[in-house]
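Here is a short briefing on a structure with more than one part. Please keep the sequence and the model open while reading.

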Amino acid sequence: MNLDYEYYKTTRSLCPGCKKILPAKIVFYNDSVYMLKNCKEHGEFFTLIYGDRRKYIEALKISKPALYPLEFFSENFNGCGASCGLCPEHQQHTCLPIIEITDHCNMSCPICLAGNHNGWHMPVEKFKKIVDNLIKAEGSLDMINISGGEPTLHPELLEIVEAANRPEILTVSISTNGKEFLRDKNLLTKLIDRNVFISLQFDGFDDDSNIKLRGEGVLEEKLGILELLEKFSARTSLVMTVMRGVNHKEIGKVVQYFLKKDFIRSLMFQPIVFANPGLEYDVEKVITIPGIAAEIAAGSGGIIRESDIINLPCSHPTCFALTYLLKLDNSTGGEGEYIPIPRLVEVEQYLDTIKNRTAPGLESESYEKIKNNIYSLWSSSGIQPQSGKILHSLKNIMCEIGQCGKDMTPQKLFNVMEKNIKSLFIHHFMDAYNFDFSRVMKCCNQYPLDENRLIPCCIYNNMERKR
Amino acid sequence: MKKDAKRKRDYIYYDFTRSMCRRCGKIIDAQIIFRDGKVFLRSICPQHGASEALIAANIDWYLKVINTRQATDRPGKFSKEISEGCPYDCGLCTWHEKACNLPIISITNVCNLKCPICFTYNRDDPEYFMPVEEFKQVIDWLTASEKSIDLINITGGEPTLHPELFKIIELCRRKEIGRVTLNSNGLKLAEDEDFVKKLAGYGVYVILSFNTFNRDIAKKMHGADVLKKKLDALKNLEKYGVQTTLMNVSVKDLNDKEIGKVIDYALKKDFIRSVTIQNMTYTGFAGGRFTPRKHLPIDEVIDNIVKRSATVADRAHHTIPAKLQNLHKKTRFSPDNSIEHREKRLTHDDFVPLPGSHPLCYSVCYIFRDGDYTFPLKRLFPGDEYYEILGKKYLVHPGENFQRILSDKINEIWARKDSYPESERILKMMKNMIGKLYPTGEHLSPFERQKRAEKFIKIIYIHAYMDEDTFDLSRVNRCSVLVPGIDKTYIPVCTYNLFYREKDKRFRKAGERGIR
Ligand code: SF4
Ligand code: SF4
Ligand code: SF4
Ligand SMILES: [Zn+2]
Ligand SMILES: [Zn+2]
């Protein structure tokens, strides 16, 4: 490699060709962060892993102590990647388990990282066992995600959702392309009745890019599905996969839409992952967290700044970045306005609040913190130009919390916070090109496999998944 | 609301790297972790469990140095392709990131001391003296492959015991080579004045191992009562004006708190060019057995220096009331917290990572010195110019840049005298320096100018070699302290010590296994 890069450190990665573990260097080049590695057979790889050197360095610094799970399913550490898991050296508990209940799908997206074979549905009994084991490992869970394949194709989906309906589990979400909702109008209401959170795959308002990413022009269908979701006030999350040069210019529009629609509670961006063997790696198409944050800021009409989007200290900080938006009081009429919470509270306290959690306000400690923050905000005036409005909305939150009084359950608190707060995430899954063991070791998103194995998604996708 | 039952780890995972297991010697996964404000390397062997070694005493220092912008200085030539992966491809393989700064050639394993702190190879069964012809082969390929070599370091064992030492030194007198530095424990230098005189005649620089002014501590560190000899050696070196570096192995809770005194001594003496502090490294035949094994990271050494060295700025000018003068003298080497004294001491900010080296390997502090006057260079050049002055190598390279930087600074001080303490004295020093380094009408070779510059600059190096507990693959591929072999290879000292030495046939009996 003859480029004049600056060496930073050494880690381990994978060969995109043979998937063998390789030593890798993290280097700086053109003020971005690259990974350099060399396979005897497949040659040299120089891949962009983070679009901004300074932000990368700063992100690494915010790491916080991990929580232990209640139980490790793997007793011995045999080298990272060979002992999942979780093994005792893993640096985070399972914050969000992703359970793939089927490998059937009604689409065949060129960018799919699952590799579906349309041959298998998870038996309900097995799902129950998995949930039992999750509870053994975690005690309680804020959220579990049901995924696939396309989970709505599972013939016993409702039984599965019901099996997850347990006091230890706050919320169940389903990742879906939504097509089944158009076909079977009752499915959606049944899920809503069961309090399920809908994570809808939505890649923007441009059908050309949909064709490139999804293999078909799905816009019309998506708009129909969104209409349904809105009509039934489904608790909805949009998940947008972003490929540079294909749909990254759609980010702004999606953010605007998200801010306008009350039923959409959260918005998730996922940079493109080159895991599908049919998808050729192209560095021009790579986008990383800073690139997406910049598009969000540019497209949000001044509401969100890049600095409001903060890396998550409980996962590896370069895996996730996020912000929470507080809804301003709109009793005076007009559309709801939002303000990013990091601007309301000291960043340090904010980090404390979100660490080890994917939704704010779920444990008494952070609940106390939010309350304190709100109180301190109350007593100081003029922090923000629209501070009158902020006070109103905060007062409303306080009233709602107050009404609930002593019998405040996590579920109720969650609902209150959820109504007034939107969340916006960026989750950068890895492919073999940017794979970094320093990240997986702190992974908080795991697939529960068989009866008792929890495996970090990126390890599974890159090292074990059969395609 | 139910309290969260999950327990928090008592440390923060910061990074992932690869290290080694002290027990089985295998390369294994490791974490860089933060606990109680400190930084540890946590090596996790599947067979032998996890072990932790202190690598920085302060998280803020660690994050600052690890993220300091680094000069790129890749090797011009490689002798191997990547094959087994670092550290098994030495070298240099194409994975290596740093050109040679400092070639180290061990010409013997014989020694007249058996220091318990020794972490170079000091088993002298079988005895080995490098044949002159072999040394020549090494020098030949070195000079053929490197455009210019600032210095060749000759070490051992105790190299002064090599019967043909001067033939070896003679071989290094080539136009491509700036100088020879010779390591010594000083016994020979103390006993044989003529030998020292001869070294002076050859222009050899001596690196004298000097750890303490305390006789008992010297006994503990060297296994013999050597303090008097060390002082005699210094006397002889001073007498013949041999340019000398004090090499101080700093052992926690043994001699580490004495470092201020050693530096103060070095700053006063014309013949002493620099002080190299080597953090005790628990490897090798003796060092591997040394107990207790307490790792002393670079920032803790800096802390020791900052707390205990005396004044580094103007002594003549500085205003201590007359009646305190005596007291001041008395407490010269002991901690003194009076304001004026503290400001004039070295501070943490006077030290920076040696450009191009890994920040956990090397830290350096330059101090301007003109006669009795000393001033830390970093305070005059707080910005990027400092790194320009330092360059990418081990020694200063005062080229045209340096002249420009100095002149600019002179103009700046001239214009804003009030914002510089002791501006008159600094100006005088810098003008004096420019006059000597860039004399009008006289041509100086780069090596000659380098030598003159060194008269004005004292350097404190802190060099933390790695042992089985601190070994980190992130560091070693950036190593610039290399062992050149007869086979035209370079092996970084730390991989040499930990992976190659035990296979070096010159030093071992047939069939003998590695010592770990
Ligand atoms: S990813 Fe986590 S669970 Fe898997 S081997 Fe590494 S540390 Fe253990
Ligand atoms: S799934 Fe991958 S990208 Fe996400 S947190 Fe885990 S390691 Fe990081
Ligand atoms: S230390 Fe350097 S030369 Fe040796 S294997 Fe590692 S990168 Fe190659
Ligand atoms: Zn390969
Ligand atoms: Zn071991």
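The points below cover the chain interface, the ligand shells and selected residues.

This is a predicted model. Chain B and chain A bury about 4,400 Å² between them. Six salt bridges are counted between the two chains. One of them joins B:Arg42 to A:Glu89.

**Interface of chain B and chain A**

- Chain B puts 40 residues into the contact. Chain A puts in 56 residues.
- Of the buried area, 51% is on carbon and sulfur atoms.
- The rule finds 21 residue pairs in polar contact across the interface, with both residues at pLDDT 80 or more.
- By class, the side of chain B that touches chain A has 16 charged, 15 nonpolar and nine polar residues.

- A:Glu89 sits in a loop of chain A, between helix H1 (53–61) and strand E5 (96–100).
- Is A:Glu89 buried or exposed? A:Glu89 has a relative accessible area of 8%, so it counts as buried; the cut-off for buried is under 20%.
- In the salt bridge of A:Glu89 with B:Arg42, the closest N and O atoms are 2.7 Å apart. The two side chains also make a polar contact, at 2.7 Å.
- Leaving aside neighbours within four places in sequence, A:Glu89 is in contact with residues of both chains. From chain A these are A:Phe77 and A:Met441. From chain B they are B:Arg9, B:Tyr11, B:Gln31, B:Arg42, B:Ile44 and B:Ala50.
- A:Ser74 is 15 residues from A:Glu89 in sequence. In space, the two lie 9.9 Å apart, C-alpha to C-alpha.

**Ligand shells**

- Ligand 1 is surrounded by 13 residues. The closest are A:Cys80, A:Gly81, A:Cys84, A:Cys87 and A:His90.
- The shell around ligand 1 has eight nonpolar and five polar residues, and no charged residues.
- The residues around ligand 2 include A:Cys319, A:Cys443, A:Cys457 and A:Cys458. A:His427, A:His428 and A:Arg439 are also among them.
- Helices H14 (437–440) and H15 (457–464) of chain A each supply at least two residues of the ligand 2 shell.
- By class, the ligand 2 shell divides into eight nonpolar, three polar and one charged.

**Two buried threonines**

- B:Thr212 is in the loop between strand E8 (205–209) and helix H6 (215–222) of chain B.
- B:Thr212 counts as buried because its relative accessibility is 2%.
- What does the side chain of B:Thr212 reach at 2.7 Å? That distance separates it from the backbone nitrogen of B:Asn214.
- The side chains of B:Thr212 and B:Glu258 are joined by a polar contact of 2.5 Å.
- Beyond neighbours within four places in sequence, the contacts of B:Thr212 are B:Ile217, B:Ala218, B:Leu227, B:Asn255 and B:Glu258.
- A:Thr171 belongs to strand E7 (residues 169–176) of chain A. A:Thr171 counts as buried, at 2% relative accessibility.
- A:Thr171 and A:Gln446 are 275 residues apart in sequence. Their C-alpha atoms are 16 Å apart in space.

Terms used. Residues are numbered from 1 along each chain as its sequence is written. Chains are lettered from A and ligands numbered from 1 in the order in which they are written. This is a predicted model: local features need pLDDT of at least 70, side-chain atom pairs count only at pLDDT 80 or more; totals for chains, interfaces and linings use all residues. Side-chain values use heavy atoms; hydrogens and water are left out. Contact means heavy atoms within 4.5 Å. Buried area is the accessible area (1.4 Å probe) that two parts lose on being put together, summed over both. A salt bridge is a side-chain nitrogen of Lys or Arg within 4 Å of a carboxyl oxygen of Asp or Glu. A polar contact is a pair of N or O atoms within 3.5 Å; within protein, one must be able to donate a hydrogen and the other to accept it, and residues adjacent in sequence count only if both atoms are side-chain atoms. Ala, Val, Leu, Ile, Met, Phe, Trp, Tyr, Cys and Pro count as nonpolar, Asp, Glu, Lys and Arg as charged, and the others, Gly among them, as polar. A residue is near a molecule or strand if one of its heavy atoms lies within 4 Å of it. Helices (H or I, at least four residues) and strands (E, at least two) are DSSP runs, numbered from the N terminus. Buried means under 20% relative accessible area, exposed over 50%, partly exposed in between (1.4 Å probe, protein chains only).
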